[in-house]
Amino acid sequence: MASKGVILVVDDNPVNRAVLFDYLDGQGHRVLVAETGEAAVEITALTRPNVILMDIMLPGIDGYQACRQIRSQPKNKAIPIIFMSAMDDNQSRAEGLKAGGNAYVTKPVLYDEVSSLLHTYLKLQTYETTEQTSKSGQTHALSEFNAIIDIIAHDMKSPLVCILGFASELAGDFADKDVPEEWAEYASIIQKSSSDVDVILEALVLLKNLRLREWHGSERISLTETLEAVAARYNSIENLKFLELAQNLKALEVMSVRTLLEEVILILWRNFSNLSEDEAPSLLVEIDSYVNESGMSVLCMEATTREISKQELPYILEPMTGGKRKKVKDTNILTICAQKIIEYLAINAWAEATDKGLKISLSFPAPE
């Protein structure tokens with residue numbers, strides 16, 4: 001049975017409020033309503049709802065501002081906020097994520113879409129509550145499954161290294177000799193396919209570790225040191241474009257989990273490399289950071305990539321929708337790992353297409 005919760009509906013249109021109230025009440029939820037952004041802030045302070053459905057165009061402060069004010073209270077940072085708007089454009093969606101929203105639905109609202117989002121967020125809250133109150137050890141069957149993953153990854157690594165090595169040798173020999181063009185093409189395909197399998201194994205082990213490991217709480221992290229560590233790891237990976245970093249850090253520290261933050265930045269840079277133009281000799285990533293109006297530290301990473309279409313943009317950071325993978329060309333399964341880390345860290349992340357290529361921003365609590 002789907003989880004039920006307290007849902008706050010914020011909309012100045014009485015018809016919209018009534019329709020949503022009737023639907024959600026009929027689904028078994030307890031429904032609170034607010035006509036203005038100010039009222040939503042007050043209600044959230046008094047009665048902490050499980051999820052907020054927030055209209056953007058409101059009298060007084062708009063939905064974006066109301067969201068920022070709600071997020072400014074530490075106890076409200078984890079409340080899922082779903083924006084509702086008739087504006088269906090990437091700029092409005094990006095603005096909603098920057099303000100601290102978790103999702104964005106367009107009007108007229110589709111009941112199935114809202115119901116699916118509520119089910120996901122409420123189920124996650126139920127799971128987190130259960131985890132906090134009662135932590136049970138891994139079952140024997142699950143332990144065996146995890147051991148099998150490690151064995152598979154280990155045993156496949158050796159033959160993969162051999163295949164990659166021989167394919168590289170063949171490609172070098174073919175370049176110096178007069179051989180049919182398809183031979184060189186076959187060697188290249190073997191190299192690429194072997195590398196893809198290697199990445200899949202890497203993602204499999206990483207996802208397993210993300211699920212099993214208990215990470216320490218957030219700590220003060222130097223962005224300069226973190227970026228230097230990630231750059232060193234990036235440069236040690238073969239088949240990636242040479243990295244050029246241009247940094248303009250205004251916020252120097254964030255609160256996060258160091259190991260996971262490094263992992264997600266590395267994955268994003270690897271995808272930047274895959275998304276860059278084939279003829280580009282290097283990958284330029286411009287780094288900026290600042291503290292926004294809500295007191296959150298924002299890390300922006302803009303890379304010179306190929307043009308990202310409007311159809312692709314929503315899936316740059318959201319490769320899983322309804323249990324199905326929405327794969328963007330030239331990205332790989334590690335993108336799912338990045339998504340899982342972002343969810344684990346409970347941070348906001350959004351992607352924007354720019355004149356230079358692709359810009360991805362992450363927001364974190366700023367150190368006090």
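1. In this predicted model, the buried residues of helix α3 are G63, Y64, A66, C67, R68, I70 and R71. The helix runs over residues 63-71 and is mostly covered, with seven of its nine residues buried. Two arginines, R68 and R71, are among the buried positions.

2. The cover can be traced to particular elements. The buried residues of α3 pack against two helices, α2 (37-46) and α4 (90-99), and against two strands, β3 (51-55) and β4 (81-85).

3. On confidence, the protein chain averages a pLDDT of 84, and 90% of the residues score at least 70. Residues 134-138 fall below 50 in pLDDT; this stretch has three contacts in the model beyond near neighbours in sequence.

4. The protein chain contains ten helices and 14 strands. Its radius of gyration, 23 Å, is close to the 21 Å that the globule rule gives for 368 residues, so the chain is as compact as a globular protein of that length. The C-alpha trace spans about 75 × 50 × 40 Å along its principal axes.

5. Of the contacts with a separation of 6 or more, 69% are between residues 24 or more positions apart.

6. The accessible surface of the protein chain is about 19900 Å², and carbon and sulfur atoms account for 54% of that area. Charged side chains number 35 positive and 53 negative, and the centres of the two sets lie 5 Å apart.

Conventions. Residues numbered from 1 in each chain as written. Predicted model: local features only at pLDDT ≥ 70, side-chain atom pairs only at ≥ 80, totals over all residues. Heavy atoms only, no water. pLDDT = per-residue confidence, 0-100. Contact = heavy atoms within 4.5 Å. Helix = DSSP H or I, 4+ residues; strand = E, 2+ residues; numbered from the N terminus. Rg over C-alpha atoms; globule rule 2.2 N^0.38 Å. Areas by Shrake-Rupley, 256 points an atom, 1.4 Å probe, with all protein chains shown as cover. Lys, Arg positive; Asp, Glu negative; His and termini not counted. Charge placed at Lys NZ, Arg CZ, Asp CG, Glu CD. Buried < 20%, exposed > 50% of the residue type's maximum accessible area, 1.4 Å probe, protein only.
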